[in-house]
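Please examine the model shown below with its sequence at hand.

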Amino acid sequence: MHYLVIFPGSSLPTGNAAGIQQAIVESQSSFLMEQLPAILCLHGAGTNAKIFELQAHNIIQAMNKNFRFIFINAPFESRPGPGVVPIYLGMEPYLWWHCDESAAEQFDIDICEVQRRRKQVRELLHSTLEKDNVVGLMAFSQGARVATGLLLDEELGSKIQFALFISATFPALPVQDHISPESTISIPLVHVQGTSDPWAAEGNRLRETYFDKGRTTLIKFSGGHTVPTTQLDARRVAMAVKKARGSTASS
């Protein structure tokens with residue numbers, strides 16, 4: 001006897017058996033995808049979630065049998081970031097996260113506004129982590145600063161097993177008002193960096209300041225302040241992430 005299983009959120013089309021079979025296959029695929037552990041993805045300043053998803057296409061393809069990827073938008077509008085225009089012209093809004101007290105004067109923002117925006121970002125991250133089985137982070141440029149702040153937050157970072165940073169900058173952007181200056185992040189970090197990235201020194205400083213040196217992997221690719229796009233580089237990143245997650249399971 002054959003049973004027709006309808007997965008949550010699915011519906012059957014009217015029509016021939018082939019159409020029904022296709023609907024079942026798609027429903028099963030969607031259901032299985034939802035069971036995969038998630039990687040939360042944080043874009044850089046002056047871009048947005050969709051742009052980051054397009055930039056990271058090959059990396060996603062190299063890992064999508066093992067993870068699902070959750071892209072979220074930063075809450076504040078900004079000018080387009082370096083290299084965004086003209087490639088992503090028309091893909092507004094361009095967004096950024098928040099700044100710390102040291103950058104408040106540069107952006108003409110008072111301390112109360114810095115704290116308000118920090119709280120807003122934390123609430124966004126908290127709500128995302130609460131509803132999804134997030135085990136890892138993938139972050140680009142300013143997004144890596146936010147991700148570091150998330151990992152320094154004992155509540156938000158408690159279930160994160162590994163991080164993948166691409167073209168990171170410095171310093172961390174805390175998502176709470178007070179963090180210990182002595183804090184070291186002990187989870188594995190895969191740090192991907194272009195050989196001609198003008199902010200490479202900042203990325204190195206972020207990695208060396210906040211992360212356990214014995215649990216970091218540096219991957220260099222031919223390029224600037226961008227996401228690596230070749231399939232070869234994507235496979236190298238995927239292999240490093242697989243090894244990083246495996247080390248958390250065995251530790």
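**Salt bridges, cores and aromatic pairs**

A network of salt bridges links Glu101, Arg118 and Asp177; a salt bridge is a side-chain nitrogen of Lys or Arg within 4 Å of a carboxyl oxygen of Asp or Glu. The model is a predicted one, in which local features need pLDDT of at least 70 and side-chain atom pairs count only at pLDDT 80 or more, while totals for chains, interfaces and linings use all residues. Residues are numbered from 1 along each chain as its sequence is written, and side-chain values use heavy atoms, with hydrogens and water left out.

The structure holds ten salt bridges. In the one between arginine 118 and glutamate 101, the closest N and O atoms are 2.9 Å apart. Arginine 118 belongs to helix α4 and glutamate 101 to the loop between β4 and α4, so this pair ties together parts that are 17 residues apart in sequence. Helices (H or I, at least four residues) and strands (E, at least two) are DSSP runs, numbered from the N terminus. Arginine 118 is buried, with a relative accessible area of 3%, whereas glutamate 101 counts as partly exposed at 34%. Here buried means under 20% relative accessible area, exposed over 50%, and partly exposed in between (1.4 Å probe, protein chains only).

Helix α4 also contains arginine 117 and glutamate 113, four residues apart, about one turn of the helix. Their side chains meet in a salt bridge of 2.9 Å, N to O. Glutamate 113 is partly exposed, at 22% relative accessibility.

In helix α7 (residues 231–250), aspartate 233 and arginine 236 are three residues apart, about one turn of the helix. They form a salt bridge whose closest N and O atoms are 3.0 Å apart. Aspartate 233 is buried, with a relative accessible area of 11%, and arginine 236 is partly exposed at 34%. An α-helix has 3.6 residues a turn, so residues three or four places apart point the same way.

Which residues touch the most other members of the largest nonpolar core? Of its 41 residues, they are Leu40, Leu42, Leu125, Leu150, Leu151 and Phe165. A nonpolar core is a set of buried Ala, Val, Leu, Ile, Met, Phe, Trp, Tyr and Cys residues joined through side-chain atoms within 4.5 Å. At least two residues of this core come from each of β1 (38–42), β2 (68–72), β4 (95–96), α4 (111–131), β5 (134–140), α5 (142–152), β6 and α6. The most is given by α5, with six residues. Eleven of the eleven residues of α5 are buried, and what covers them includes β1, β4, α4, β5, β6 and α6.

Leucine 125, leaving aside its neighbours within four places in sequence, is in contact (heavy atoms within 4.5 Å) with Leu40, Leu42, Ile72, Val146, Leu150, Leu156 and Val175. A second, separate core has 28 residues, among them Met63, Phe71, Val192 and Val241.

Five aromatic pairs are found in the whole structure. Rings of Phe, Tyr and Trp (its six-membered ring) pair if their centres lie within 6.5 Å; planes under 30 degrees apart count as stacked, over 60 as edge-to-face and the rest as tilted. Phenylalanine 165 and phenylalanine 211 pair edge-to-face, at 5.5 Å centre to centre with 85 degrees between the planes. Phenylalanine 165 lies in strand β6 (residues 162–166) and phenylalanine 211 in the loop between α6 (200–210) and β8 (216–221), so the pair ties together parts that are 46 residues apart in sequence. Both phenylalanine 165 and phenylalanine 211 are buried.

Phenylalanine 170 and tyrosine 210 form a tilted pair, at 6.1 Å centre to centre with 35 degrees between the planes. This pair links distant parts of the chain, 40 residues apart: phenylalanine 170 in the loop between β6 and β7 (189–194), and tyrosine 210 in helix α6. Phenylalanine 170 and tyrosine 210 are both buried. Phe52, Phe71 and Phe140 form one aromatic cluster.

The protein chain averages a pLDDT (the predictor's confidence in each residue, from 0 to 100) of 88, and 84% of the residues score at least 70. Over residues 1–8, pLDDT stays under 50, and the model has seven contacts beyond four places in sequence for them. Where pLDDT is low, the predicted coordinates should not be read in detail.
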